[in-house]
Amino acid sequence: MLRATRTGIILAVSGLTLGLAACATNSVMELEVGDCLDSEALSGQEITEVETIECSEDHDAEVFAELAFDDGDYPGMDAVQTDAEAHCRTEFEKFVGIDYESSEMYFTAMYPTETSWDQADDRTALCVLLAPETVTGSLEGAAF
């Protein structure tokens, strides 16, 4: 299970293992940096799967960074959320080419819950870039 936040919006995300395809429904646990998707796939309280989209197709979201947590006991939701969001903010400018405060884009941080940490050995947070409109191609270097 992963949790995602975006400026006050919180949603729980849980996943199963499925393979990636060009445009296919995949487990949230299988998302990787560079995957593109529709931000509507991140709406709702419990999400187990998302549809990835070829970045050459219309989309408004892209996984742009990840953070691997150390093994051990779950550090708590507040700590995981804080670390994930700090990492995403740091990686934002490197990926987009403009600082977060000057950008028209947002990000959401998807991070492990205690359940996914304990039951699925989930130790990865993902940073997902959210564009204000649909785009084609990667958002890397978009600078808006």
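This is a predicted model: local features need pLDDT of at least 70, side-chain atom pairs count only at pLDDT 80 or more; totals for chains, interfaces and linings use all residues.

Me: How many bridges join E8 to E9, and how many join E7 to E9?

Reply: Helices (H or I, at least four residues) and strands (E, at least two) are DSSP runs, numbered from the N terminus, and two strands pair if DSSP finds at least two bridges between them. Here E8 and E9 run antiparallel and are joined by five bridges, while E7 and E9, also antiparallel, are joined by eight. Within E9, Thr124 is the bridge partner of Ala68.

Me: Which disulfides does a search of the whole structure find, and which cysteines form them?

Reply: A disulfide is a pair of cysteine sulfur atoms within 2.5 Å, and the search of the whole structure finds two. In one, the sulfur atoms of Cys36 and Cys55 are 1.9 Å apart; the torsion about their S-S bond is about 95°, so this disulfide is right-handed. That pair links distant parts of the chain, 19 residues apart, with Cys36 in strand E4 (residues 36–37) and Cys55 in the loop between strand E6 (49–53) and strand E7 (59–68).

In the other, the sulfur atoms of Cys88 and Cys127 are 2.0 Å apart, and the link is left-handed, with -90° about the S-S bond. This pair also links distant parts of the chain, Cys88 in helix H1 (residues 77–96) and Cys127 in strand E9 (residues 124–135), 39 residues apart. When the bonded cysteines are numbered in sequence order, the pairing reads 1-2, 3-4.

Me: Are Cys88 and Cys127 buried or exposed?

Reply: Buried means under 20% relative accessible area, exposed over 50%, and partly exposed in between (1.4 Å probe, protein chains only). Cys88, at 0% relative accessibility, counts as buried, and Cys127 is buried at 1%. Cys36 and Cys55 are buried too.

Me: Which residues does Ser103 touch?

Reply: Contact means heavy atoms within 4.5 Å. Leaving aside residues up to four places away in sequence, Ser103 touches Phe92, Val96, Ile98 and Phe144. Ser103 lies in the loop between H1 and strand E8 (106–112) and is buried, with a relative accessible area of 13%. A polar atom of the Ser103 side chain lies 2.5 Å from the backbone oxygen of Phe144.

Definitions and conventions. Residues are numbered from 1 along each chain as its sequence is written. Side-chain values use heavy atoms; hydrogens and water are left out. A polar contact is a pair of N or O atoms within 3.5 Å; within protein, one must be able to donate a hydrogen and the other to accept it, and residues adjacent in sequence count only if both atoms are side-chain atoms.
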